[in-house]
Amino acid sequence: MERIDEIGFGGYRLIQNPDYFCYGVDAVLLASSAGEKLKEGMRVCDLGTGNGIIPLIFESKCKVKISALELQDDVADLAQRNFKLNGLEDMIELVRGNVTDYTAPEAFDLIVSNPPYFQEGANIISDGDIKRVARHEICGTLEDFMACAARNLKDNGRFYMIHRPARIIDIAQLGRKYKLEPKALRMISPSAGEVPNLMIVEFVKNGGRELKILEPKYVYENKKENIYSDYINEIYLRR
C-alpha cells in the first residue's frame, strides 16, 4: 500500500510503496556527498533512480538539470508521480531505460548511482521481482553501471557511487578500466567501532592517480535506542 512521506528536503514529499523498495540512508548519504559538488546549471544524472529520492534532494540543494534513469516501468511511473507531486516534472527528466545501453544526447557534469549491491545468486534474495532487480545484478552488473557512467560523463566529470566494501577491488579495477579514477573514499559503519558496511567512492573521468581517504562516519550513536549520529542528523538537515 502506498504512503506519502515528508522527506525533510525542500518541503518535498515522496510517494513510497513498501512492495517496491523504499529509500534508506544509503540514498541520503550518496546525495549528501555528491551534493557538495553541485553547481547551478550543471547537467546531472541518477542511474537507477528508483522512486526518485536523489533527484528530489538535489533539486532542494541547487537548480540543476537532472535526468533520472529507471528500468522498471512500475518504479519509473512512481518516480514520475513523485516529480509531479512536487511540481518538478518540468525540472527532472524521467528516462526509461537500462544502464546496459543508455547513452544521453549530451554528456553530464556529474553522475550518481546506488546500484544493486549483490551479484545474482549471492546473499539474501528479496521477495518480488522489483526488489530483486533493485538489490541484485539481474538486469545490470556493477560493470554495466560503471561503464554507463563513463560513457555519459564529460571529461573531468565526477561520478559518485555508494556500494559495499566487499566489492572495493572490483570497483577499483573497473574504475581504471573505464578511465574513472577513484579520487576519494569514505567508509560508513552502522555504529562507532563497527566494521564498515557501506562506502562512498568519488571518481573523476580521466583524473590523476591519487586517492584521498576521508574521515570514516557512522550511522547510529546508539543503535538499540535508534539514536542517530551527529553526521546523520546533519545530512538529514535535522541540525
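Author: Before we start, a term: a residue is buried under 20% relative accessible area, exposed over 50% and partly exposed in between, with a 1.4 Å probe and protein chains only. This is a predicted model, where local features need pLDDT of at least 70, side-chain atom pairs count only at pLDDT 80 or more, and totals for chains, interfaces and linings use all residues. Residues are numbered from 1 along each chain as its sequence is written, and side-chain values use heavy atoms, with hydrogens and water left out.

Reader: Thanks! So is Leu180 buried or exposed?

Author: Leu180 counts as buried because its relative accessibility is 0%.

Reader: And which strand is Leu180 in?

Author: Leu180 is found in strand 8. Strands (E, at least two residues) and helices (H or I, at least four) are DSSP runs, numbered from the N terminus.

Reader: What does Leu180 touch?

Author: Leaving out residues up to four places away in sequence, Leu180 touches Met146, Ala149, Ala150, Leu153, Phe159, Gly175, Phe203, Val204 and Lys205. Contact here means heavy atoms within 4.5 Å.

Reader: Which way do strand 8 and strand 9 run?

Author: They run antiparallel, with 8 bridges joining strand 8 to strand 9 (residues 198–205). Two strands pair if DSSP finds at least two bridges between them. Pro182 has Phe203 of strand 9 as its bridge partner.

Reader: What about strand 10 and strand 11?

Author: Strand 10 (residues 212–213) runs parallel to strand 8, joined by 2 bridges, and Ala184 has Lys212 as its partner there. Strand 11 (residues 217–222) also pairs with strand 8 in the parallel sense, over 3 bridges. Ser191 stands opposite Tyr220 in strand 11.

Reader: Changing topic: how many residues has the largest nonpolar core?

Author: It has 42 residues, and Leu29, Ile54, Leu56, Phe58 and Val112 have the most contacts inside it. The largest share, 6 residues, comes from helix 1 (residues 25–35). Such a core is a set of buried Ala, Val, Leu, Ile, Met, Phe, Trp, Tyr and Cys residues joined through side-chain atoms within 4.5 Å.

Reader: Which residues does a second core include?

Author: That separate core of 25 residues includes Phe108, Met146, Leu174 and Phe203.
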